[in-house]
Structures are given as structure tokens and as C-alpha cells.
Amino acid sequence: MITTNQNLVSSVMYVSPEMRAESLHQKPLCIWLTGLSGSGKSTIANHLDLALHQADAHSFILDGDNVRQGLNSDLSMSSKDRSENIRRVGEVSRLFYDSGLIVICAFISPYEADRQIVRSLYPRGGFVEVHLNASLEACEERDPKGLYQKAREGLIEGFTGIDSPYECPTHPEIQLDTVLLNRQQCVDAILEFIMPGKPI
């Protein structure tokens, strides 16, 4: 029996990713922000996006909570569905990359294997992993969405850092301590890495 997948043939696009990037006058990139809830992913993603926009770069944010309310609204918080969440986001982020954009992904993405799978979708230099390295204690003290308190009260199960693991990146391109560094310092560090010597 022939499965549906065996009948699929990739379409050839007349406008290549290189042509799209050239028309935008930039090098496409995936900037992947990972860290515990409360480590600053969404905040830094937004300020990085704004800085890129002000520098006439073309960027877009894929944010964990937003994607969970739309594209991945059918997924639970089980380990299997968390992996599927990141797999889907990885594929979508690669589409943005192929369109010539700088795509900023802000996801807890707790499993190293899942992040490595996303990395494998990109050519060398096309994927920049940024670990926002804030301790559990610091993130729990911030608790901007009140989720840690709910997890401690047993109202949320499988919460990363409490009763579900977070596997720190082994070799991130950038590691930022968001307890010691303020928001602007983090954004500046990322900009200096992706656009060295260019005034922003």
C-alpha cells in the first residue's frame, strides 16, 4: 500500500531564498531564545525586534504563548506534545528564514534534543541559540504571569523547573545571565554577535 507521503513531490520555487534575502539586503537568521519561564525571552525578543526594525532590518517574532493559542492550540503540555510544539515551530521558523527574514523565536524549549533538531534545519551560521540563563529562584521570584505560584499550589502540572525538567543548552552561541544583565545589555550583546561593528 502506498502512503500519502510517498506521493508528495516538493515544488520548485522560481524565487530562491537567496533572491529573497538579496531583495531585503540582509542575511536571514534564526535567533532562538531559550530559558525558563520568567527568564526574559518575550521581553528581550520584543526589544531585539524593535532594535532591528529601527536599523531597517526585517524581522519577525514567534512567541511561545502566541503560537500555543493558534498554530499549536491542539497540543498539551505533555513531553511528547512539547517536542511536537518545537518541531512545528522549527519548520515554521525555517519558512520565515527562507523568506529572507530574521526570525526571533522565544520558547522555553526545555529539551536539548528538540533544539538540536531545529538547529539541523539550518545551514551553518543560520541558527543562533541564545540561552537566557536565569536561575529557577530568580525566575520564581519574578513570576510575571503568576505561573510558578500556581505550579507550587498544584494548579499546573508538568511546569518546567518545578515538576518537569529544563535541559540547559550544551553549546549555545550566546549565553546571557538575565539576573546580572539588564534588558538593553542583553539586546546589545545579541546585536553585536549577529551584526558585529554595525551601529544600531
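What percentage of the 200 residues in the chain is buried? I looked this up before anything else. Buried residues make up 43% of the 200. I took buried as under 20% relative accessible area, exposed as over 50%, and partly exposed as in between, with a 1.4 Å probe and protein chains only.

**Ground rules.** I am working with a predicted model, where local features need pLDDT of at least 70, side-chain atom pairs count only at pLDDT 80 or more, and totals for chains, interfaces and linings use all residues. Residues are numbered from 1 along each chain as its sequence is written, and side-chain values use heavy atoms, with hydrogens and water left out.

**Layout.** I found eight helices and five strands in the chain. I read them as DSSP runs, numbered from the N terminus: helices are H or I with at least four residues, strands are E with at least two. Along the sequence the pattern is α-β-α-β-α-α-β-α-β-α-α-β-α. The radius of gyration is 18 Å, close to the 16 Å from the globule rule for 200 residues, so the chain is as compact as a globular protein of that length. That radius is taken over C-alpha atoms, and the rule is 2.2 Å times the number of residues to the power 0.38. I also noted the span of the C-alpha trace along its principal axes, about 60 × 55 × 30 Å.

**Contacts.** I looked at contacts between residues at least 6 apart in sequence, and 75% of them join residues at least 24 apart. A contact here means heavy atoms within 4.5 Å.

**Strand β2.** Next I turned to β2, residues 59–63. Four of its five residues are buried, so the strand is largely enclosed by the rest of the structure. I saw that β2 pairs with β3 (residues 102–106) in the parallel sense, over five bridges. Pairing requires that DSSP finds at least two bridges between the strands. F60 has V103 in β3 as its bridge partner.

Most residues other than glycine have a negative phi. I therefore checked two exceptions. D56 is not a glycine, yet its phi is positive, about 65°. D56 lies in the loop between α2 (41–54) and β2. S109 also has a positive phi, near 40°, in a residue other than glycine. I placed S109 in the loop between β3 and α5 (112–119).

Are these two residues buried or exposed? D56 is exposed, with a relative accessible area of 64%. S109 is buried, at 3%.
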